[in-house]
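Subject: Structure handover

Hello,

Please find the structure below. My notes on it come after.

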Amino acid sequence: RGLGDVYKRQITNHGTYAMAGTGTRSSKSQLRLDGPVTFAGNGTLEVRTEHENFLTPLNGAGDILAIGPDHTFDILPGARCYMEGIGFTNAGTVRSSGLFQLSVPTVTNSGLIAIPAGGNMQAGLYGPLALDNTTGEIAIAPDGIPQFLNGEVIGGRVTGGGIFRCGSSAAVSGGIEFEDTAIVLGGFNVLDVSDTLTTNSLIRLAAGSSSRFCRLRCDGRAVLDGTGTLAAVNANQNYLSRANNAPDDEFVLTESFRLEVQDGGWLYSDAPVTVHGNLVVNGRAFFVAPQPALTTAPSTRISGTGTLQVTAPFENQGTIAPGNSTGALAFTLQVTHAPTATLEFEIGGTTQGVDYDYLGTGGQSLDGTLNVIHVNGFMPGVGDTFDLIGGPLSGSFHTVHLPLLAPGLDWDAGDLET
């Protein structure tokens, strides 16, 4: 309790070094560092109270707190710790079960930073912070509350099954991997992605209102990898954007990654997007970057019951399968199908867009393969007609697969490509 100045370059602690401010700034607990100071040993630097507990520089230049490989820095439940103006290096364990406010320029983590249930870590509250996590791990519990408000997290692993909450100017880079941790962007939140972001969980775009946008931005070529999903979950201003408006700013989504505009959702991309995996549109999606705005691959699969508006020209190289089972999907432009393309339609009744699939467009140049399959045990009868494809048509399918009918019946495909 009170003011403690540390001049030693190393404190070997096998017990507990406790900070316990008692209520006001005049009775705060303040540990001031003069130069680099390492807490070594297998003990604990512990913050105990909810009052004023500060870690600050004595002179400013070169003042660094280092937690050694066997040491623990523990902010107890309900306690508050404010780290200001120093460098911070962790090779041991940092556990924030209370409030840990990081107002520092740099953090290097080669150990573990854990935010347990009920814990809170605020990074970059009063200025940008660079957190180098290249060889470290950040573990966020499901009820932990980390807030990365302003700055960059570089590399390493983010685990724990919790939520990584972004602020007004956050960034990730260096091949960072989110194993089971969701990334959430809300009102006025921005996250810049460079290099590769790997996640097996959710990146959730949920703008706060029609005037409180959120933006996921590519800083150069940003690759989204893993088995995760990037989802626009509401009808507010959810954007994919370019961080620098540079020619090489683009998003690339790998074959295992999923882009989804949920029912009633809204997504606007002024960054080029290449989708190698699933694109599911049940709301409204706008891809309006300079050409090409949306690029597909033979492995791409586009489905859903929403509407896509894409800056022309748009070439489908993969599979378009309207509906989530049966349903209608719309493009507001001319769609050109490549020889590798497949159009896949399910027929489960005679009502267009409800019982059987429908693809509406501003026109289509046909090529590739048409696959039609029965679902829900439906078997067409004499005179049943299915109008599958909308818009002026040109070209023709290279291969057509139609399902079997009852004995004595056959398909009349004379109007299929007209």
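This is a predicted model: local features need pLDDT of at least 70, side-chain atom pairs count only at pLDDT 80 or more; totals for chains, interfaces and linings use all residues.

Residues are numbered from 1 along each chain as its sequence is written, and side-chain values use heavy atoms, with hydrogens and water left out.

Strands are DSSP runs of E, at least two residues long, numbered from the N terminus. Two of them pair if DSSP finds at least two bridges between them. Strand 12 (residues 93-96) pairs in the parallel sense with strand 9 (residues 72-75) over 4 bridges, and Arg95 is the bridge partner of Asp74. Strand 12 also pairs in the parallel sense with strand 15 (residues 112-115), over 3 bridges; here Thr93 stands opposite Leu112.

Thr274 lies in strand 32 (residues 273-275). Is Thr274 buried or exposed? Thr274 counts as buried because its relative accessibility is 13%; buried means under 20% relative accessible area, exposed over 50%, and partly exposed in between (1.4 Å probe, protein chains only). Leaving aside residues up to four places away in sequence, Thr274 touches Glu250, Phe251, Val252, Leu253 and Thr295, where contact means heavy atoms within 4.5 Å.

A pocket is an open set of points on a 1 Å grid over the protein atoms alone, where a 1.4 Å probe fits, with protein on both sides within 12 Å along at least five of seven lines; lining residues have an atom within 4 Å of a point. The largest pocket has 24 lining residues, and the closest to its centre are Asp384, Thr385, Phe386, Trp411 and Asp412.

Regards
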